[in-house]
Amino acid sequence: MRSWLAQYEMRSASDLGEALDLLSRWPGEWTPFAGGTDLMVLLEAGKLPRRRFVDLWRINELRGIAASADSVRIGALATYTDLLTDPIIAAEFPLVAAAARETGAVAIQNRGTVGGNIANASPAADLPPALLVYGAALELASSRGRRHVAYESFHFGYKRMDLAADELIVGVTLPRERRAQGERGAGWQHRETYRKVGTRRAQAISKICFAASVDLDGGVVRDIRIALGSVAPTVVRARSAEESVRNQPIGSQTIAAARLALRADISPIDDIRSTADYRLRVAGNLLEELLS
Amino acid sequence: MPPVPAIGRAIPRREGVAKVTGRARYVDDLSLPGMLHGLTVRSPVPRGIIRAVHYGAGVPWDEITVVTAADIPGRNVVALILDDQPYLAADRINHAEEPILLLAHADKQLLEEARRLVTFDIEPLPAVFTLDDALSGAPIIWGENNLFKSYFVGRGDVDAAFADAPIVVEGVYETGAQEQLYIEPNGMLAVAGDASGVTVWGSMQCPYYIHKAIAGLFAMPLERIRVVQMETGGGFGGKEEYPSIIAGHAALLAWKSGRPVKMIYDRAEDMVATTKRHPSRTRHRTAVSRDGTLLGMDIDFMIDGGAYCTLSPVVLSRGTIHASGPYFCPNIRIRGRAVATNLPPHGAFRGFGAPQSIFALERHMDRVAAAIGLQPDELRRRNFIRPGQVSAVGQVMADRVDMDAILDRALDMADYHQKRTRFAAANVAAGRTRKGIGFATFMHGAGFTGSGEDHLASIVSVEATADGTVRVLSASTEIGQGTNTIFSQIAADALGVDVEAIEIAQPDTAVVPNSGPTVASRTCMVVGKLLETACRNLRAALTDSGHLASDGDLRQACRAYVRERGPLRASAHYQPNEAARWDDERYQGDAYGSYAWAAYVAEVTVDLVTFETRIDDFVAVQEVGRVIHPVLATGQIEGGVAQAIGWALYEDVVWREGRMANSQMTNYIMPTSVDLPPIRVHFEEVPYQHGPAGAKGIGELPMDGPAPAIANAIAHATGVDVRRVPFTPEMLAHLVEAAGA
Ligand SMILES: Cc1cc2nc3c(=O)[nH]c(=O)nc-3n(C[C@H](O)[C@H](O)[C@H](O)COP(=O)(O)OP(=O)(O)OC[C@H]3O[C@@H](n4cnc5c(N)ncnc54)[C@H](O)[C@@H]3O)c2cc1C
């Protein structure tokens, strides 16, 4: 352990009000600590610049997954294990379940949280692409009140996001309405894909993470949503690629156009895990695989 | 009634219960009264001259013990082959993370803060990071020409062979560095003082290497140094020479502070600062007849030794001798060179140079086969070395080697021929995956090279105890590979007792004789043989003294002897094999007492969407002499294959300015259990007359074959020519694209 523990302080909040109160009284001084699975890595490496933490783990109102007729609300403290054991997530949001299954291993799945994964704002995080595909909204709270933001507009630069120093993520809402589209024509086809490319099959940080859903009607693309991780400063929704194929018949021309359009959506780089070239090529291949 | 022989049976691991119940004691489990923790302050740059050191405010510096090169009581040199590596850089820095200062304090975390507060003024010097820059001498960073060592070996008339050759195939092959990644990082605890001398306890493979190094560091006679091996969580070569450094550092801090000092590296430090497998580059030119007979082999083998010599000459020697593989060729020329760069020194790692040169050869052999339109196995069969034929260094093969049979068995188990045809046909269809199957045939020499064992002059002793058990005294360490267990089996059978009557003494230089280092696949074959002899000597002594009748009980005899006459010890000293010849000057002769022979087959699927390679099946067939312990032996093969799969497909050391940039297990990708195929192991057993009960060496062999077998399988699957380890998805993407365009 490379940190000097004497320099750190942790306070455990017993309810949301207490946590928000601490955050608002000294804005920027206290940092939320949920499962700690991102923060503890930095502590171990002696690279944790923030010194005072408010532990959220006992705040029960941030836990749980609840469904209403038109949406599912995931508490910010929901763990990957919670996601994996929820029947509605399994039935209606398979990309979320797939992301949870491929995140870390059991220990991390028991301790890592949805809120932590989002607020840590790693471009390589595995859950966010799934959330983007399902059109998630975030619920944020501070002692000033609550607000909702579309997840797609939450991240706006490397580790920069629409979250004030006194705010917490309290929940994530996934709309259910598009899940219920039962009676479609015979030519209607719905596909969802989640592909985490991390070289090894477990305990990997994504080189590319690809999540998508597509609705085809007689071979013509109707609804399509594509999101990627590890190919830009933030996780991204591939709006140009989606646009280029919407209402187009699937075929080699559409695929070529989509591959080209994808270049406008992503800006991969060389880093210690992979290369820009590889990421670009494989992102295109995954898109092609989706549309083939 | 004599006990059931232990050899050949899978008896429980001797220290197994202690390990699984947590009773086994590793160095970090030790604590002494008044003990301090120690740590190392390392160079931030790859090369330069230290002008000043600053100790920033924020910690109580007056409470912290600081050791610099100026504090060293003896020689500031890590004694190994050459005296070029300092314990602490005095003014010159030759690699990133080179140790400059040592700190000790009772509070480990405060020490971490202190380490952050030390800064240096360093005048940077230009550094060398590549083999080409090292060879071109721009700049000279070591000796006169950046060369630690060169070898020229060979036989016949190579130039004439090439002049007449109908077909010549050339190729350049490269391999990257690899981290040993033992589970337990390096660690030592030391006590040192004028009165007490120096004692260190720690994680290690070779107690007597440390013993010698510390004696020089403190300018103390050997009798005043004591080195004790604690339970050790893996080594793979990474604890062959490096522990001499951390042991010396802990001892220096103990010496200066007057307190016991413990140093334990964390994973990041262990990865960034300690030795790795030597990167290599091999150039092959092969002259071959149209029917596939090897006419001439011209091989240029080069390894990157890093900033100091360490063991590079010996790694080079093994890599050079193995470079022409299990083949006979009348005209061979092999040039081997170990060069200096400003990377942290590379060192011992399972296989010791052989995996590098064997990768090159076995990938090249598939290319030679393709060039003349022969099946890969057919080309090998036409050239396998046979008993009585002569190797590149002039060794007449005395082993009863039958590589044809080994290859047959491996190809049969893997269903190679059928799959080779089936995959090739299926790959024509435009799917998203491609399947391939490939193999490698190879051998690995056990024990030290040439006259090495003669120089080591190893000794093993056994002693009878008052309670009738027999204690084995050797410096050969249990590092997870099974030394304790196979020694117990060998001793039990030689004495005619059951294994419970055997005790293995903890390796402690105050107690055990020098049986040599635990390296080079020599523990079973060489040290085990000495143990067998020592046990026979003990039995003979008991018989001679009249305490043991031919069908008598050995335990009773031991008890009676000790009671009546006092301690009884028997020893065995290594005896040079009179029949073996070795010329160190010309590097010619009997390079190894014996070889293990093998054929490995890999079956792969390459995903053309992500360019990831998955190994679907792996077959490892080898002839290793008598198998002492089937489960441990199989474990050695499985573990070695897994480690080699890591090297071949995943483990990529990313260097930035001479420093490992991915020194974490999150970004230095080692395979997990779900990434590994079933590994099917088969042993052919041909007893070796100089090994205990006929056993040969086995530990390093499995590291040699997987990389080329996998490369050949990938080439079969995709048609691309893989020539650099590791075969990352990034590299394959590039190659596949280039081939398709
Ligand atoms: C071995 C290992 C494997 C891993 N594997 C994966 C993987 O495969 N995929 C992946 O995506 N990640 C992985 N991670 C990273 C990590 O586990 C996840 O990002 C996890 O979801 C983080 O959640 P947490 O609650 O532990 O976050 P914490 O460490 O507690 O916090 C992370 C950040 O979020 C902030 N934060 C936490 N909760 C809130 C909140 N409610 N409101 C506002 N800010 C908040 C914290 O202040 C901190 O900045 C891995 C980590 C480890 C150690």
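Reader: How far apart do the C-alpha centres of domain 2 and domain 3 of chain B lie?
Author: They lie 36 Å apart. The bounds come from an automatic or database domain assignment.

Reader: Before we go on, what are the ground rules here?
Author: This is a predicted model: local features need pLDDT of at least 70, side-chain atom pairs count only at pLDDT 80 or more, and totals for chains, interfaces and linings use all residues. Residues are numbered from 1 along each chain as its sequence is written, chains are lettered from A and ligands numbered from 1 in the order in which they are written, and side-chain values use heavy atoms, with hydrogens and water left out.

Reader: Which residues make up the domains of chain B?
Author: Domain 1 is 16-25 + 452-573, domain 2 is 31-125 + 180-273, and domain 3 is 280-449 + 587-739.

Reader: How many residues of domain 2 are in contact with domain 3 in chain B?
Author: 26 residues of domain 2 are in contact with 29 residues of domain 3. Contact means heavy atoms within 4.5 Å.

Reader: And what area is buried between those two domains?
Author: About 2,300 Å², with carbon and sulfur atoms giving 64%. Buried area is the accessible area (1.4 Å probe) that two parts lose on being put together, summed over both.

Reader: How many salt bridges between these domains?
Author: One. Glu97(B) and Arg659(B) meet through their side chains at 2.6 Å, N to O. The rule wants a side-chain nitrogen of Lys or Arg within 4 Å of a carboxyl oxygen of Asp or Glu.

Reader: Which element gives the most to the domain 2 side?
Author: α7(B), with five residues. Helices (H or I, at least four residues) and strands (E, at least two) are DSSP runs, numbered from the N terminus. By class, that side has 13 nonpolar, six polar and seven charged residues. Ala, Val, Leu, Ile, Met, Phe, Trp, Tyr, Cys and Pro count as nonpolar, Asp, Glu, Lys and Arg as charged, and the others, Gly among them, as polar.

Reader: Now the ligand. How many residues surround it?
Author: 32, and the closest are Pro32(A), Thr37(A), Asp38(A), Tyr80(A) and Thr113(A). A residue counts as near if one of its heavy atoms lies within 4 Å.

Reader: Where are Asp38(A) and Thr113(A) polar atoms relative to ligand oxygen?
Author: An N or O atom in the side chain of Asp38(A) is 2.6 Å from a ligand oxygen. A polar side-chain atom of Thr113(A) also lies 2.6 Å from a ligand oxygen. For Gly36(A), a polar backbone atom is 2.7 Å from a ligand oxygen.

Reader: Last one. How many salt bridges does the structure hold over all chains?
Author: 73.

Methods:
A polar contact is a pair of N or O atoms within 3.5 Å; within protein, one must be able to donate a hydrogen and the other to accept it, and residues adjacent in sequence count only if both atoms are side-chain atoms.
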